[in-house]
Structure formats: C-alpha cells, structure tokens
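Subject: Structure for you to look at

Dear colleague,

My notes follow below it.

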Amino acid sequence: MAAADEVDVIVEQWRRERAGMRLEPMAVFGRIYRLARLVGDRQEKVYAGWGISRGEFDVLAALRRSGEPYTLAPTALAAGLMLTSGGMTGRLDRLERAGLVRRTPDPADRRGLRVTLTDDGRRVVEESAEAGLAVQRRILDALPPEDQARLADLLRTLLAAAEAEA
C-alpha cells in the first residue's frame with residue numbers, strides 16, 4: 001500500500017469535523033482529479049515541444065484516428081471532443097495557421113466545411129502521441145499489468161455510471 005497522500009489528509013480532516021459522513025467518493029475522485037491534472041500538465045509540456053496544446057493535440061488525434069483521408073466536418077470534431085462551435089473554431093484557426101490542418105468546402109454540402117490533416121499535421125500528431133503515451137506509461141507502470149487491466153475495467157464501470165446519470 002502506498003504512503004498517505006494529500007487526499008488522505010483531506011479525508012481525515014472531514015472525518016474529524018463530520019463524523020459519519022461517507023467519504024469514499026472523496027478518496028476516489030480526489031485522486032482521479034489530481035492524477036488527471038498532474039498527467040495532463042505533463043502531457044501539455046510534452047506537446048509544447050511540437051508547438052501544440054493538449055486541446056490542439058485532441059483535434060489532430062481525432063482527425064488521425066478517423067482514418068484516411070483524415071478528414072472530418074467541424075461539427076463532428078466538436079461533438080466528438082465535447083466542444084462548442086466557437087471553441088472548435090479557435091483551435092482550427094490556430095492549427096490552420098500552423099499548417100497542421102486545412103479547411104476546404106464540403107463537396108457534398110455547399111454550406112459545409114471539411115477539416116483535413118496535412119502531412120505536417122500527421123507527423124506532429126504521430127510523434128506527439130508517442131511522447132504523450134510515454135508520459136502515461138511511466139506513471140501507469142507503477143502498477144503490474146494485471147492491476148492496470150483491472151483499473152481500466154473499474155474506471156470503465158464508473159464512467160458508464162456517470163454517463164448514465166448525465
């Protein structure tokens with residue numbers, strides 16, 4: 001078992017002040033939030049080496065994962081990344097200025113656009129994805145492989161419960 005951490009301190013403070021309060025969620029989600037922030041901050045630094053933010057990486061990754069020709073409509077990108085159209089436009093503007101994506105008219109819809117990953121964009125997302133995964137892998141390797149798989153299963157269950165409640 002790992003040594004006590006800051007979440008343990010917070011939980012114990014609440015336990016002292018409000019005996020009987022069920023604090024298990026605080027112990028779990030406090031660690032999830034802190035872990036996500038710490039890993040996210042490290043990934044942000046890694047992606048900066050390619051001149052992109054984590055949000056911009058997400059756009060490039062969504063295009064790359066879509067398969068050839070690495071093209072999606074901005075509305076599909078925004079929906080998949082849970083962004084507003086304004087948030088998506090800002091990211092696409094920055095990525096287009098950097099030469100990592102290009103926007104073209106949608107041949108099937110005169111009012112629509114298509115966003116396509118450029119060759120430079122594909123190179124950037126593939127290289128930065130490997131580097132970002134290395135950050136995650138170094139932290140996850142604190143657990144043996146069977147615990148990693150079990151943790152992924154448990155988090156999948158919690159995510160499904162949260163999504164069902166939304």
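In which strand is the place of Thr-116? Thr-116 sits in strand 3, which covers residues 109–117, where helices (H or I, at least four residues) and strands (E, at least two) are DSSP runs numbered from the N terminus. Please keep in mind that this is a predicted model, in which local features need pLDDT of at least 70 and side-chain atom pairs count only at pLDDT 80 or more, while totals for chains, interfaces and linings use all residues. Residues are numbered from 1 along each chain as its sequence is written, and side-chain values use heavy atoms, with hydrogens and water left out.

As for the chain in general, seven helices and three strands make up its secondary structure, and they follow one another along the sequence as α-α-α-β-α-α-β-β-α-α. The radius of gyration of the chain, taken over C-alpha atoms, is 20 Å, whereas a compact globule of 166 residues would have one near 15 Å, by the rule of 2.2 Å times the number of residues to the power 0.38. The C-alpha trace spans about 65 × 35 × 25 Å along its principal axes. Of the 166 residues, 25% are buried, a word that here means under 20% relative accessible area, with exposed meaning over 50% and partly exposed in between (1.4 Å probe, protein chains only).

To return to Thr-116, this residue is buried because its relative accessible area is 9%. Leaving aside residues up to four places away in sequence, Thr-116 touches Pro-69, Tyr-70, Thr-71, Leu-100, Val-101 and Arg-102, a contact being heavy atoms within 4.5 Å.

Two of these partners deserve a look at their backbone. Tyr-70 lies in the loop between helix 3 and strand 1 and has a positive phi of about 60 degrees, although Tyr-70 is not a glycine. Most residues other than glycine have a negative phi, and most peptide bonds are trans. Tyr-70 counts as buried because its relative accessible area is 9%.

A positive phi, of about 55 degrees, is also found at Met-82, which is not a glycine. Met-82 is in the loop between helix 4 (74–80) and helix 5 (85–97), and Met-82 counts as exposed because its relative accessibility is 78%.
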